[in-house]
Amino acid sequence: RRAAIELDYQNLNPEQRRAVLATEGPLLLLAGAGSGKTTVLIHRIANLMKYGRGSDADDVPEWVTEDDLAFLEDYIKDPAPEKKERQERLCKLDSAVPWSIIAITFTNKAAGELKERLERMLGPEANDIWASTFHSACVRILRRDIDRLGYNKSFTIYDSADSERVVKDIIKDFNLDDKAFPAKSILGYISRAKDAMKSGADYVQECDKAGDFRLQKIAKVYAEYERRLREASALDFDDIILLTVRLLQGFEDVREYYQRKFRYVLIDEYQDTNNLQYLLASTLAGRYENICVVGDDDQSIYRFRGATIENILSFEQQYKGSRVIRLEQNYRSTRNILEASNAVIKNNQGRKGKELWTRHDEGDKVNCYTAMNEHDEAQFVSAQILSGYSAGRKWKDHAILYRMNAQSNQIETAFKRNGIPYRIIGGIRFFDRAEVKDMLAYLCVVNNPGDDLRLQRIINNPPRGIGATTIERAQNIAAQEGRSLWEVVRRARAYPELQKSAAKLAAFTDMVEELRRLSGELELPAFYEELVQRTGYAVMLEQKNTVEDRTRLENVQELLTSINGYLENAEEPSLSGFLDEIALYTDLDNHDPNEDCVVMMTMHSAKGLEFPVVFVVGVEEGIFPGIRAIGEMEEMEEERRLCYVAMTRAKEKLYMTCAAQRMLFGRTSANRPSRFVGEIPETFVEKSGRNFLSENDGEGQRVLPTAAERRKAAAIFQGDRGYSVGSSTTHGYAAGAKPTASRPTGGPGKVGGALPSFQKGDMVTHKAFGRGMVTALTPMGGDALVEIAFDNVGTKRLMLKSAAAHME
Ligand code: ATP
Ligand code: MG
C-alpha cells in the first residue's frame, strides 16, 4: 500500500505530499499562484478514498510492517473490539466513503474540473463526492430542509438581474430618485447586510439608530425587498447561503446530520470567502474538524463583495493544533512571467509576503504593447493569435483577460473579421437572452405559480389581451390582500375590478394548470415541447418570421439541449432540479473545454485557471487600475492583486496591452500605461507598439522609439498596414453584379498598391488556415464577406480586408 501511494504521488514535491497525506485535523495550505494548491486538494480527496485516513507519513513513520499487515487482514475478517485500538493506531485503513467528502470551490468551471479530474482518478464512485460551488451545495441542503424555516421546498432562485428588477420596482413604488439610489449600489448594501446576518428589520432598526437619512431609505428598500422575495418564495444568491447557515445554526438535528455526514471538508480559494461562507464551512466541519482550506492572500479579489482575508489569517487561532503548509515552487509559468508577477505584487504593503520560484526556463519576456487605439489593440491581439495558430497552437491555448466586460467588444469584432473562433465567458450569455428568459419564466411559474416576478413576465407574452392596467390592478389587490399575484389572477371573477379581463385571465390560468398537470406526467423534454406549443410562443415567433425571430426560435429550441444535458447528469431529474441548475449557471459551465476556441473573460472569472498564452488588455491608468482605485490605497492594492491573478494565469507567453487613445462607453480618452506595467523591471519586459511611453512619464511625455524598435513595430504591423486599403471602397465590388475583391500585390506592408481580384473558385492560402477555395463573396460596405472552404479547417467566413493580410 505504501508503495502504491508513492507511485501515484511521486510527482508531488515533499511539501505537497505532506499536505496530501495529512488527512486528519485542520490544515491551512497557504501558497502563491500556480504552486499546486488545487492539485493538492484533488490528490487529498483521491488519497482519502483510495487509501483512507491516517496515511500521514509524519504520524506513522514505520507505516505498515509485515506483521501489521497480517494483523489487519485478520482484523478485516474478525473485527473484535479489543483489536480496534491497534487497528486505529496503525493506519486506519478504512478508506473514506465518497459521500463523506465535500469539496467547495468558487466558480462552476472550477467545480466542473474538480469533478472531472476526480472521476478520472477514481471512476464512477467520484460522483458521490459533493464537489461543487458554495451555492450548489447550499441549494442541495435547502431543498431537503428549507421548510423548517417556513419556506416552500419548491422555491425559486433569483439571479442578479431578477434581484435588480425587484429593487428597481421598489425604488419606483417608493418614489425614490433612481439616480440617488441606483439599484446596483442598493443591492450592494443589502448583500453586505445579509453577510452580517442582518434581516431587513434588523437593518431598519440599526439605520434608524444611526439616523442617516440615506441609509434609512436603503434599509426600508431592503425590508421591502425581503418581503417581496419571501412572498414569491424566491431566494437570491445571498439568501441561498444565509438561509443554509440559519438552517444549520437553528436546527440541531439538521446540523448534526451534515456534521456527521461530512467527515472531510475541503475549500479552495479560501481567501475569497465572506463571513457567511466562513460560517458555513466552520459549521459543516464542526464535528470532525477535518477541514482543509486552500488559498493565497495575494489573490484575494472579492473584498468588494465582503470577502475577508481575515478568514485565512485567523485560521490558526480558530483551530488549535492546525497545521500550516506553505508551497513555494511554481509549476505553471516561465521564469520571466513569474518574476514579473512577483515584482508587481511586491508593491502591496498589506501582505504576508512570499516569494515563488520555478525550475522552468526564462521563456519569452513579457510583451508590453502600446497600441495607437482600441482597434489597433484588437488587431494586434488577433495577429498574435493567428500567428500562434499557424505555428501549431490551438485556439483554446489563448485567453483574453480584461477588467470590465464592456472591453470585449472591439476584440470580438476583430475576431469575427479574422475568423478566429472565440467564446465570451460571463458576458451576455445564452440564458440572458429575452426569449430564453421567457421560456425559463414559464417553467418557473409551472414549478411555482407564486413566483410573481416570472408570472408578470409571461402573463401577456405572447400577447393575450391582458393589458398593463389589468395586471396593475391585480397586483394592487395582491398587495392589499397579502396574496400572490397568481392567487388573485386565478380568482379574477371574484374581483369587480378584474371583471372585464376575467375570461382572458381564466384562459391563461387554465393553460398554466394544464401545464402543471402535464409536467407531472411527461418526461422533461416532451413536456418542454408541449409548453413551447401550448403557450403560443412558438406560433408567435413563426408568424413574425423575421431573421431575429428565427434566431429566437432557435434559442427557444436550444434550451432543449440544456434540458437533455441536465438529464444526462442528474440523479433524480425534475423540473425544479433543472431550474436550480440553470439559476446557478454561468456561461463558464456552458463552455465545453474540448471545443477549440479563444476564451475571453474578466480577470475575476479567470481565477484558478491557466492558459499557455494570456493577453491582459486595456492595461491603462483609469481602466486598470480603475479610476475608483486611484488615490485609494486599499482599492489600489486589490487592483494589484487582481493584476497578479491575471498575470499568473499565463504559462508560456504573457502580453499586456494598452492603447494611447481609447474609446470606451462612447468617450475617447488618452490614458497613460498602467502603473502595474511600470512596476515590472525592464529585464523581464519586451516593449513594442506604436508609441513608446517610458514607464515614468508622469507628464505623459513620449519617448521616441529606437530604429530597432521602429523596425519591430513595423514588422508587427505589416499585416495591418497591408490591408488597411481604405481605397478598397473604390474597387467596385460594392456595386458590381459579380463581386470581386482585391488583395494586395506588393505583399504585406505595401499600402494601397494595384490590387488584383479574388473570384469565386480561386484557390488561396491563408497563413493560419492553410489552403482553401473561395466559395462566395458578398460585398458589404467598403469590405466584403468572403467564404472560403479550407482543406483542413472547414468553411470560414472572413472579412476580406482582414483576411487578405493573412494570405500568402
Ligand atoms: P492558483 O493559485 O492559480 O489557483 P494553484 O496553486 O491552485 O494555482 P494548480 O492549478 O494546482 O495551482 O497547479 C498549477 C499547475 O502546476 C498545474 O498545471 C498543475 O498540473 C501543475 N503542478 C502542480 N504540482 C505539480 C508538481 N508537483 N509537478 C508538476 N506539475 C505540477
Ligand atoms: Mg487553484
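Is isoleucine 411 buried or exposed, and how many other C-beta atoms lie within 10 Å? In this predicted model, isoleucine 411 is buried, because 26 other C-beta atoms lie within 10 Å and the threshold for a buried residue is 20 or more. Isoleucine 411 belongs to helix α19, which spans residues 408–418. Leaving aside residues up to four places away in sequence, isoleucine 411 touches Ala378, Val381, Ile400, Met600 and Val617. The C-alpha atom of isoleucine 411 is separated by 8.4 Å from that of glutamate 374, although the two residues are 37 residues apart along the chain.

The buried residues of α14 are Leu276, Gln277, Tyr278, Leu279, Leu280, Ala281 and Leu284. Phi of glutamate 269 is near 55°, a positive value in a residue other than glycine. Glutamate 269 counts as buried because it has 24 C-beta neighbours inside 10 Å.

A positive phi is also found at serine 233, again a residue other than glycine, with a value near 50°. Serine 233 is placed in the loop that runs between α11 (213–231) and β5 (234–235). With 19 C-beta neighbours inside 10 Å, serine 233 counts as partly exposed, since a buried residue needs 20 or more.

Cis peptide bonds were then considered. One such bond joins asparagine 461 and proline 462, with omega about 5°. Proline 462 is located in the loop between α21 (452–458) and α22 (468–481). Another cis peptide bond joins phenylalanine 624 to proline 625, and its omega is about 5°. The position of proline 625 is in the loop between β13 (611–616) and α30 (633–647).

Key. Residues are numbered from 1 along each chain as its sequence is written. Chains are lettered from A and ligands numbered from 1 in the order in which they are written. This is a predicted model: local features need pLDDT of at least 70, side-chain atom pairs count only at pLDDT 80 or more; totals for chains, interfaces and linings use all residues. Helices (H or I, at least four residues) and strands (E, at least two) are DSSP runs, numbered from the N terminus. A residue is buried if 20 or more other C-beta atoms lie within 10 Å of its own, exposed if 12 or fewer, and partly exposed in between; C-beta atoms are placed from the backbone. Two residues are in contact if their C-beta atoms, placed from the backbone, lie within 7 Å.
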